[in-house]
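Let us walk through this structure together, from one chain to the contact between chains and then to a few side chains. Please keep the sequence and the coordinates at hand as you read.

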Amino acid sequence: MILRIIQLYRDRSDFFIELLIQHIYITFLAVSVITFLGLALGVFMTKNRRLAGILLRVTSFLYTIPSIALFGILVSITGIGLKSALIALILYGLLPMIRNTYTGLIEVDPEITEAAEGMGSTPAQLMFRIQLPLAFPVIFSGFRTMVVMTIALGGIASFIGAGGMGRAIWRGISTNYPEMTIAGSLLIAALAIVADSVLEWIEKIVRTHYLGEGGAHEKTTKAA
Amino acid sequence: MTVIEFQKVTKTYDGEENVLKGLDLKVKKGEFITLLGESGCGKTTLLKIINGMISFDTGYVWIRDRMLSEWNIVELRRQIGYVIQQIGLFPHMTVAENIAYVLSIEKKPKKEQQKRAAELLELVELPQDYLKRYPRELSGGQKQRVGVARALAASPEIILMDEPFGAVDERTRNQLQEEMLRIHHQLNNTILFVTHDIQEAMKLGTRVVLMNEGVIEQTGTPEELVLQPANNFVRQFIGSKGYLALLEPQMVEDIYQQAVEGKAQNYNHS
C-alpha cells in the first residue's frame, strides 16, 4: 500500500505539484483576507464592546456549522468555484483571528495603557506601540491556528470546484482508488505541519523582537 | 506664577454624589504639593483632571495661561510627567526605551533619546548598564525609579504622581522620597503628589492639601497644618502623627544620636 502511494507520487508528480500549488494559492488568498479582516475587526471591537459581543457570537455560530453544509449553502448562493470556497474558508477562519485579536488587546494591563495614554500617546500610537505589540503573542497563536485550519479545510473546498489537493481526494473516492485519497490527504497534512513549524519558528523570532531577549529566553528555558 | 488653577470644580461619577464639591486650588510654579486624604476623598480625581485622564463637570481649570478645554489633550499630556502607583512600565521595551517613550512618540532623533535616557538614569541613581534591561528584571524600587525617570524625560514643568511609592517597602520608600526631594530641588518643577500617608505628605510637601469628602479642609505648609489646624477634622486627621513627622527630621535624629552616643561612651568606659 505504502509502496503503491509512493509509486503514485512518482508517476503523477506533475498532477500533485499542480494541486499543491493550487492549494497553497487558495490558502494564501483566504489567510490574507482573514488576517486583514480579523485584525481590523478585532481592533474595532475593542472600541465598541456591544459590537464585540455580537460579532463573537456570530462568528462562533458560523464556526459550528458543519463545513459540508456551509459549502452546500454557499453553492446555492454564489455558485460553484473558487469564490464560494474562499467565502467559506474566510468565514471559518475569522473566529480564531477575531477572538485572539480582541482578547489579546483587551487583556493588555490597563495600568500600562493608562500610563501610555497619560504620557500623551495618540490613539494610533497607543494601538501600534503598546497594545498590538503586547497582544502579539495571543494574536499570533490565533493566526497559527487559523492557518493550519484553513489548509485542512481547503481540502474540502475542492469539492465545490475550487481546485487544490482535495481534488485528488475526491478523485480517489469517486473512482474507488484509496491510494489516491491517501496520497492527497497526506500532502495536506504535510503542508499543514510544515506551515505550523515555520510559523512556530517565526513566532519565536518576533517574540524576541517584541518581548525582548528575556521573553524568548523564558520560553527556551521552559522548553529545555 | 500660577501654573495650575482650579475654580469651583465639581465632579460626579454616578450623577448623584459629588466626588469633588466646588474645589478651589492654586498651584504656583516650583511648588511640591502633596494631596493628602483618605481613599475616596477625591485626591486622585483632582490629580487626573489635570492631565485630562478624568473629565470634570462644572467649574474652571487653568493650566498655565490656558483653560484646560483649550488645550490639545495629547500636547498637554506630553508636557506633564505622570507616575502612577503601579508604574505601568512597558514590558516589551528596555529601560532606555521606556524612559525615552515620550521623546519617541514626539519623533525626536534616536541619538537624543539615548542621551536623555542615560542622563535620567543617572539622575535616579541607577547604573548605566540598566539601560538595556527589561522591566521584568528590575526590583520594585528600581521600577519606580525608572517610572520617575520616564516622567521626567520631556523636562515637564508639571509632574503628577499618584501614590507612586505605595507598593514598595519602607526602606526603599524612604530612599525614593529623599530622591524626589533632591530631584525637585535640582530641577525645580511643579509637583503634585497624591498620598494617604501623613508622614510622606509632611516630608515631601512644600505645601500640603488636606482633602476630605470632595472638599479641601486646609492647605498650608506642614507646620501650618500641624500647629494651626483650620478645624477639628484637620486636627484629628493630622494629630500627633503629623507632629511627629514634623519633629522627625531634626529633633528625633538628634535625640537618637545623643542616646546612642551616650551608650557608646558608656561602652568605652567599661
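Predicted model: local features only at pLDDT ≥ 70, side-chain atom pairs only at ≥ 80, totals over all residues.

Residues are numbered from 1 along each chain as its sequence is written, chains are lettered from A and ligands numbered from 1 in the order in which they are written, and side-chain values use heavy atoms, with hydrogens and water left out.

Let us begin with chain A. Its secondary structure consists of nine helices and zero strands; here helices (H or I, at least four residues) and strands (E, at least two) are DSSP runs, numbered from the N terminus. Reading from that end, the order of elements is α-α-α-α-α-α-α-α-α. The C-alpha trace of chain A spans about 65 × 45 × 25 Å along its principal axes. Of the 224 residues in chain A, 48% are buried, where buried means under 20% relative accessible area, exposed means over 50%, and partly exposed lies in between (1.4 Å probe, protein chains only). Among the contacts in chain A between residues at least 6 apart in sequence, 77% join residues at least 24 apart; a contact means heavy atoms within 4.5 Å.

Now turn to the outside of this chain. Chain A exposes about 11400 Å², and carbon and sulfur atoms supply 68% of that area. Accessible areas come from the Shrake-Rupley method with a 1.4 Å probe, and for residues only the protein chains shown count as cover. On the surface you can find a nonpolar patch formed by A:M1, A:I2, A:L3, A:I6, A:I182 and A:L186, with about 590 Å² of accessible area together. Patches are made of residues with over 30% relative accessible area and no salt bridge; like charges are joined within 9 Å, and nonpolar side chains (Val, Leu, Ile, Met, Phe, Trp, Tyr) within 5 Å. Helices α1 (2-11) and α9 (178-223) of chain A each supply at least two residues of the patch, and α1(A) gives the most, with three residues. A:I2 lies in helix α1 of chain A, and A:I2 is exposed, with a relative accessible area of 64%.

Where do the two chains meet? In the contact between them, 25 residues of chain B touch 23 residues of chain A. The size of an interface is often given as the accessible area lost when the parts come together. Between chain B and chain A the buried area is about 2000 Å², of which carbon and sulfur atoms give 59%; buried area is the accessible area (1.4 Å probe) that two parts lose on being put together, summed over both. In chain B, the residues that lose the most area to chain A are B:H92, B:Y101 and B:R136, together 27% of what that side buries.

Across it the rule finds one salt bridge, meaning a side-chain nitrogen of Lys or Arg within 4 Å of a carboxyl oxygen of Asp or Glu. A:E114 and B:K48 form a salt bridge, their closest N and O atoms being 3.0 Å apart.

Over all chains, a search of the whole structure finds 14 salt bridges. One of them joins the side chains of B:K43 and B:E163 (3.9 Å, N to O). This pair links distant parts of the chain, 120 residues apart: B:K43 is in helix α1 (residues 43-50) of chain B and B:E163 in the loop between β7 (158-162) and α7 (170-187) of chain B. B:K43 counts as buried at 4% relative accessibility, and B:E163 is buried too, at 13% relative accessible area.

Another salt bridge brings together B:E157 and B:R64 (3.2 Å, N to O). B:E157 lies in the loop between α6 (140-152) and β7 of chain B and B:R64 in the loop between β4 (58-63) and β5 (66-67) of chain B, so the pair ties together parts 93 residues apart in sequence. B:R64 counts as partly exposed, at 28% relative accessibility. Back in chain A, A:R144, A:D196 and A:E203 are linked in a network of salt bridges.
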